[in-house]
Amino acid sequence: MGQIMRRHWLPACLSEEVAEPDGDPVRVRLLGEDLVAFRDTDGRVGVMDEMCPHRRASLALGRNEECGLRCLYHGWKMDVEGNVLEMSSEPPESKMTEKVKHKAYPTHEEAGFIWVYMGPAEEKPEFTAPVFQPTPETKVSIAKIIIDCNWAQILEGAIDSAHSSSLHSTDMVPARIGGAEANDKLWLRPSTDKAPRLQLQKTRFGFRYAAIRRPITDSKTHDYVRTTLFIAPYTVQIPPNNLYDIAILHVPIDDTHTAFHFIAWGDKATTPDTESWRKFLGAQVGIDLDERFHKFRNRENNYWQDRRIMQLGTSFTGIRGIPNQDIAMWETMGPIADRTHDRLGASDLAIVEFRRQMVQAAKTMQQGGPAIGTEEPRIPQYKLKSFQGVVPKETDWRELGTAPEEAELYAADAQAK
């Protein structure tokens, strides 16, 4: 599974974490590796092994100066590409700088993230814009939270449409409207149906599925349809509202910790700014999280659950913030959920398909095949779209929100078969 991840560009950290040239280096743990990220004097960003190649002291404590990161121990200095520029402790005639190369990964900065590629150089794909940046002008607001459990059980929450009617019922409220709407306090939906019918379509990028509910109005002739995309291996695009689209990135720090990114994007006039978005979600640095995005809510303090407001009927969970409600569920499953105890039902269709796809993907990788989501021809992420809306019952949901290139590719696949 780790080798699958290494064939994709991964978010290492937010651009805001390394905002200033020659600023503080930042520790990054990704796929079980301890790394350090820094922006050099010229604005380039490096992501490299945290430990100095000399005697393994931490470079996160090093001096970021003159286009390189200098270890405090003996003054060795590395640039963003891992070249050793100086060895203060070695005689110049040794030419040892030419013999040592520090481990550093290729980086790319876009859409609010520093991305890294950690796989074989000969398999490095060209970076393409993520699903949440369909145009360079798209406004992107990111909430980041470090979560203390495995990435897969978090992603399974993102593709589970049925839980929102219970867990998030205080924040996602039924209303007599034509489609999903949002304001600074609530997400509104045109349905009271808590048991959606799920249908699934396998795709080249993973799968798309529809949660079909009875709408509040015109329920005899119309359905309320919400489509969600699993974009292998770690991205989920959930249905939009009237103001912005939403995506979630689940990046494995290691087997039992995940960097979770909840992203709103869209038009500059309607997409919330970063701080407003984080406030809405209960994910503000200094209030809900520390400066490294570790949450103050945890299992020991019951995620700040307020039983009083539960008794008053003003909150179903007593936990503020949509992702915080989810986190309480994910983490209390254990660091790695034991799926052998699950009792899955009809509402778990997407979870079953995710597990099937990823287990098969791991076997394919093990047998020397390509990583899931890398086979050509591919549909660029930024052209993919989810959908939500009230539509006539005879509507084929598979055509809702589908990019023209995607429809053409599926038609060609069908003809080939």
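Which residue in S7 is the bridge partner of Arg 70? I looked this up as a way in, and found Lys 77.

**Before going on**

I remind myself that this is a predicted model, where local features need pLDDT of at least 70 and side-chain atom pairs pLDDT 80 or more, while totals for chains, interfaces and linings use all residues. Residues are numbered from 1 along each chain as its sequence is written, and side-chain values use heavy atoms, with hydrogens and water left out.

**Entry 1**

I read helices (H or I, at least four residues) and strands (E, at least two) as DSSP runs, numbered from the N terminus. Two strands pair if DSSP finds at least two bridges between them. S6 (residues 69–70) and S7 (residues 77–78) are antiparallel and joined by two bridges. They belong to an open sheet of four strands in the order S5-S6-S7-S8, with antiparallel pairing. S5 (63–64) and S8 (84–86) are at the edges with a single partner strand each, so one side of each has no neighbour in the sheet.

**Entry 1: salt bridges**

Next I looked for salt bridges (a side-chain nitrogen of Lys or Arg within 4 Å of a carboxyl oxygen of Asp or Glu). The count comes to 30. Glu 33 and Arg 6 form one of them, at 2.8 Å from N to O. Glu 33 is in strand S3 (residues 33–39) and Arg 6 is in the loop between H1 (2–5) and S1 (9–14), so the pair ties together parts 27 residues apart in sequence.

I checked burial too: buried means under 20% relative accessible area, exposed over 50%, and partly exposed in between, with a 1.4 Å probe and protein chains only. Glu 33 is buried at 15%, and Arg 6 is buried at 14%.

Another pair is Glu 109 and Arg 39, with their closest N and O atoms 2.9 Å apart. Glu 109 is in S10 (residues 107–110) and Arg 39 in S3, so this pair ties together parts 70 residues apart in sequence. Here Glu 109 is partly exposed at 37%, whereas Arg 39 is buried at 9%.

I also noted Asp 49 with Arg 56, at 3.2 Å between the closest N and O atoms. Asp 49 is buried at 12%; Arg 56 is partly exposed at 45%.

Is S19 (residues 235–238) covered on one face or both? I found both covered: Thr 235 and Gln 237 on one side, Val 236 and Ile 238 on the other, are all buried. In a regular strand, side chains alternate between the two faces of the sheet.

S18 (residues 222–231) runs antiparallel to S19, with three bridges between them, and Leu 229 stands opposite Gln 237. The two form a hairpin with three residues between them. S19 is also antiparallel to S20 (residues 245–254), through four bridges, and Val 236 has Ile 248 as its bridge partner. That hairpin has six residues between its strands.

**Entry 2: helix H6**

My last stop was H6 (residues 322–332). Nine of its eleven residues are buried, so the helix is largely enclosed by the rest of the structure. Among the buried ones are Ile 322, Trp 330 and Glu 331. Just after H6, I noted Gly 334, which takes a positive phi of about 110 degrees.
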